[in-house]
Amino acid sequence: MLDYKKLGFKCGLEVHVQLDTKKLFCQCPSLVNDPSPVNFIITRNLRATEGEAGEKDVAAEFEEAKKKTFLYEGTETSSCLVDFDDEPPHTINKEAIEVALQVASILNMKIVPEILVMRKIVIDGSMPSGFQRTALIGRDGFIATSKGKINIQTLYLEEEAAKKILEAEEIITYRLDRLGIPLLEIATSPDLQDPEHVKETASLIGMIVKSTGKAKPGIGSIRQDVNISIREHPRVELKGFQDFRSIPKVLDIEIERQQKTKEKSHVRKVEPNFTTSFLRPMPSSARLYPETDIPNTEITKQLLNSIKIPELITDRAINFEKKYNLPPQYAQEIIKKNIPFDYYAEKYCLEPRLIANTLIEVPKELKARFNTKQEPKQQHFEFIFDLLAKKQIQKDAIMEILKDLVENRKPDLSKYGTVSLEDLEMFIKELAQKNPGVSSGGLMGDIMKKYRGSVDGKLVMKILNKYKKA
């Protein structure tokens, strides 16, 4: 195992989270994967321009030298002229600002008195205008981790880039549905202690943003960039993490790579096999200049006082666990998947663990045992819970009935009809007397096969043991 302290491990983290609102500077919906057919294709060649200081950014010049041509596929349902800077940007998305302020408050940040939108020069093709709009929301915050307090340097609200779908030798093709979606960029100080600490912090920041209820779901909606160096080596930025669980393995491989070579500070791309490859030189502050088409937004006391701080997902899971006496893993999964558990519990008055097991474990078992292609839907669960509440079936029938429902078959409920306790006990008594040498467990299968899901297994075993001992 690597000795990170001895190596002089120094690491900071940037977490990028897409927000589930309309786009940041227009009224287009944020359809990351717009299913609509392509309405138009635009071709552009981009060049580096000077930033506010009158200098060109070295990373922008590097991309310009590639002389790439960029094709942009778009649809009228998710793109407009704002995406190409052919129309002035609209008023900044107030909902996105409110979410950013919620996150900044949870991160104990000093919120800026006024939001000033800047243009950041980006000419790798991901921004067809040649720049990305970005705005500082807060700075100098902190969060608590298992290895101490970590400082949060900055929180920016910015536009998401276009989505690359095809790359040839001279032409790169992008889709525009993702372009302009509000994106939070949260940067920590460079004092994370080791790769596992980086992973923990990435997970914690992601959880905080998800707690707002406005983080987009799905793979790629949360991404991490990691800045890392070891003693006597320059900082390297690793881009392209889409799963924070891969961070420790990638960082260990990157440390071993840095030990073998000395080079200038630069940006590297994380590859699927956990290695990294050179992407471009490290960008500089020369790429920034003010956005003059958007007025500044004052952060008033009235606005700050109106911001409601959401309950963290971790706290919500603990409260859920206590409220319904559920195992921690059930409570966490209910919150993570946004399952309407309160609704089911209040409507059907069933034992909470039975509801939780049906919602969480049964779908997993269906997929594992029967390779079902579809997930159970809410109406399927409601059908099951209604039968259970009316005592028309026992819990043993849940699996088979749900299997029929997800495979679009009408369940034959006559197989699961309830049986009277008197008839059940009589059958078990006769079966036990006819098979004196067979254990209770051996007879259990015959009984459950006869009654399918209409009897409770614990009750059957209780009656069996009664007559096997007689």
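Analyst: In this predicted model, a search of the whole structure finds 0 disulfides. C28 illustrates the point: the nearest cysteine sulfur belongs to C26 and is 3.7 Å away. Because a disulfide requires two cysteine sulfur atoms within 2.5 Å, C28 is in no disulfide. C28 has a relative accessibility of 9% and therefore counts as buried. C349, by contrast, has a relative accessible area of 66%, so C349 is exposed.

L251 belongs to the largest nonpolar core, which has 97 residues, and is listed with L155, F341 and F385 as touching the most other members. The element that gives the most to this core is helix α3 (residues 94-106), with 8 residues. Apart from this core lies another, of 18 residues, including A161, A162, I172 and Y174.

As for the pocket space, the second largest pocket holds about 1,200 Å³. Its lining comprises 35 residues, of which G206, M207, K210, I313 and K336 are the closest to the centre. Two or more lining residues come from each of α4 (195-210), β12 (222-229), α7 (313-324) and α8 (328-336). By class, the lining of the second largest pocket divides into 14 nonpolar, 13 polar and 8 charged residues.

Key:
Residues are numbered from 1 along each chain as its sequence is written. This is a predicted model: local features need pLDDT of at least 70, side-chain atom pairs count only at pLDDT 80 or more; totals for chains, interfaces and linings use all residues. Side-chain values use heavy atoms; hydrogens and water are left out. A nonpolar core is a set of buried Ala, Val, Leu, Ile, Met, Phe, Trp, Tyr and Cys residues joined through side-chain atoms within 4.5 Å. Buried means under 20% relative accessible area, exposed over 50%, partly exposed in between (1.4 Å probe, protein chains only). Helices (H or I, at least four residues) and strands (E, at least two) are DSSP runs, numbered from the N terminus. On a 1 Å grid over the protein atoms alone, a cavity is a set of points where a 1.4 Å probe fits but cannot get out, and a pocket is an open set with protein on both sides within 12 Å along at least five of seven lines; lining residues have an atom within 4 Å of a point. Grid points are joined across faces, edges and corners, and a volume is the space filled by probe spheres set on the points. Ala, Val, Leu, Ile, Met, Phe, Trp, Tyr, Cys and Pro count as nonpolar, Asp, Glu, Lys and Arg as charged, and the others, Gly among them, as polar.
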